[in-house]
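User: Could you walk me through this structure? I'd like to go topic by topic, with the cut-offs spelled out.

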Amino acid sequence: TMKFGTKAIHAGQEPDPTTGAIMTPIYQTSTYVQAAPGQHKGYAYARGKNPTRVALEECLASLENAKHGLCFSSGMGAADAIIKLLVPGDEVIATDDLYGGSYRMFTKVFAKYGIVFHFVDMHDFDAIAQTINDKTKMIWVETPTNPMMKIIDIEAVVGIAKKHNLISVIDNTFASPYLQNPLDMGADIVMHSATKYLNGHSDVVMGALCTNHDGLYEQLAFIANSCGATPGPQDSFLVLRGLKTLHVRMDRHCSNGRAVAHFLKNHPKVGHIYWPGFEEHPNHAVAKKQMRDFGGMISFSLKTDSFEDASTLACNTKVFSLAESLGGVESLIGHPASMTHASIPKEERIKTGITDSLLRLSVGIEDESDLIEDLRQALDKIG
């Protein structure tokens with residue numbers, strides 16, 4: 001079988017049959033001509049299928065070692081489709097340190113339809129087991145988590161899910177398929193905000209799901225077509241283009257992330273630092289077992305734990321840009337409590353460690369010495 005870097009460039013893509021164009025064309029069409037009523041080549045209407053999107057879905061499936069891939073107009077569109085597998089009364093167990101957008105959708109949208117969500121510390125397998133009852137249908141895992149970089153043992157949680165016949169969903173956005181392949185560990189569905197590392201250039205919003213399960217794929221494809229959160233061909237083309245350098249970019253994100261994490265760890269103004277590559281990071285051994293490297297996402301707090309100091313730092317970086325999102329070639333700095341996780345109530349935030357001075361870095365692929373110098377001069381502006 002082909003190795004990752006080769007698949008990233010070639011999987012799902014054939015030269016254009018009419019011209020031999022090496023790049024998949026952007027099929028900018030809403031509909032397709034039929035030879036006779038009901039006689040078409042698998043393409044009838046572009047909400048259902050588009051050839052540019054199909055090439056992308058096949059490439060992503062290949063990178064996750066999956067049989068099936070599906071793309072959506074955003075990561076939340078992908079997550080929305082997964083929850084629509086459920087019916088009122090069903091219960092979901094989700095990790096307690098969860099992306100704010102997922103938390104908001106679960107609690108503010110789907111809870112109204114009678115789907116019950118439990119947020120559990122998934123380091124604690126007993127806590128998971130105790131939350132399961134006959135209404136539980138799904139376990140929702142993010143690892144590493146956003147923003148505390150918690151590492152959840154995928155194999156162990158999938159084992160619990162299998163024992164109780166639950167659907168296991170792994171949000172693999174932070175790791176990307178280059179660092180982690182949850183389906184190989186037995187997960188049912190792997191989810192991505194393709195906006196992030198998969199596209200990698202901060203110019204597309206998209207979501208993706210991969211699965212080896214024919215029945216789940218059929219249901220999810222039905223939901224995608226019926227509910228319509230599907231991406232257009234231009235965005236599909238851009239993500240396909242971004243994927244071609246995923247392996248090269250991830251190597252640099254990881255090496256830069258390592259350098260920045262070690263710099264921050266030794267800085268006198270930094271309080272706690274969360275990066276799975278440190279031996280003292282909770283579940284470091286699990287990260288080592290299930291990931292190929294530790295990624296480019298880092299969170300840290302300041303010793304003063306003051307919002308003003310965190311704000312001063314975030315407003316004074318010159319290479320790191322103050323912005324939401326992550327996974328692009330450029331480095332970003334964010335303040336979870338007021339940005340990505342503002343939709344989570346403060347008492348819930350504090351419980352999981354999202355303090356007022358917590359900052360989250362998406363370490364890009366710039367020169368590492370420039371990144372370190374930028375953080376050094378910004379930290380000097382505090383106090």
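**Sheets, cores and a pocket**

Analyst: Five strands make an open sheet with mixed pairing, in the order 8-9-12-11-10. Here strands (E, at least two residues) and helices (H or I, at least four) are DSSP runs numbered from the N terminus, and two strands pair if DSSP finds at least two bridges between them. This is a predicted model, where local features need pLDDT of at least 70 and side-chain atom pairs count only at pLDDT 80 or more, while totals for chains, interfaces and linings use all residues. Residues are numbered from 1 along each chain as its sequence is written, and side-chain values use heavy atoms, with hydrogens and water left out.

User: Is strand 1 buried or exposed?

Analyst: Buried means under 20% relative accessible area, exposed over 50%, and partly exposed in between, using a 1.4 Å probe and protein chains only. H68, L70 and F72 point one way from strand 1, and G69 and C71 the other way. Five of the five residues of strand 1 (residues 68–72) fall under the cut-off, so the strand is largely enclosed by the rest of the structure: buried.

User: Which residue of strand 7 does C71 stand opposite?

Analyst: Strand 1 runs antiparallel to strand 7 (residues 207–211), with five bridges between them. In strand 7, the residue opposite C71 is A208.

User: And strand 2: which residue of strand 3 stands opposite T95?

Analyst: Strand 2 is covered on both faces, with E91, I93 and T95 buried on one side and V92 and A94 on the other. In a regular strand, side chains alternate between the two faces of the sheet. Strand 2 pairs with strand 3 (residues 116–120) in the parallel sense over five bridges. T95 has as its opposite V120.

User: Which residues touch the most other members of the largest nonpolar core?

Analyst: A nonpolar core is a set of buried Ala, Val, Leu, Ile, Met, Phe, Trp, Tyr and Cys residues joined through side-chain atoms within 4.5 Å. The largest one has 82 residues, and its largest share, eight residues, comes from helix 10 (residues 246–265). Apart from it lies another core of 30 residues, including L70 and F117. Back in the largest core, the members touching the most others are I139, L264 and L361.

User: Which element gives the largest share of the lining of the largest pocket?

Analyst: On a 1 Å grid over the protein atoms alone, a pocket is an open set of points with protein on both sides within 12 Å along at least five of seven lines, and lining residues have an atom within 4 Å of a point. This pocket is lined by 26 residues, and M76, Y99, N146, S193 and K196 lie nearest its centre. Helix 3 (75–83), helix 4 (100–109) and strand 6 (189–193) each give two or more residues. The largest share, four residues, comes from helix 4.

User: What omega does the peptide bond from T143 to P144 have?

Analyst: P144 is in the loop between strand 4 (136–142) and helix 6 (154–163), and is buried at a relative accessible area of 4%. Contact means heavy atoms within 4.5 Å; leaving out residues up to four places away in sequence, P144 touches M149, K150, I151, F174, A175 and M291. Most residues other than glycine have a negative phi, and most peptide bonds are trans. The bond from T143 to P144 is cis, with omega near -10°.

User: What phi does S176 have?

Analyst: S176 lies in helix 7 and counts as buried, at 0% relative accessibility. Although S176 is not a glycine, its phi is positive, at about 70°.

User: What is the relative accessible area of S325?

Analyst: S325 sits in the loop between strand 10 and strand 11 (332–334). Phi of S325 is positive too, near 80°. S325 is partly exposed, with a relative accessible area of 27%.

Technical notes. 1 Å grid on protein atoms, 1.4 Å probe; cavity = no way out; pocket = protein on both sides within 12 Å on 5 of 7 lines; lining within 4 Å.
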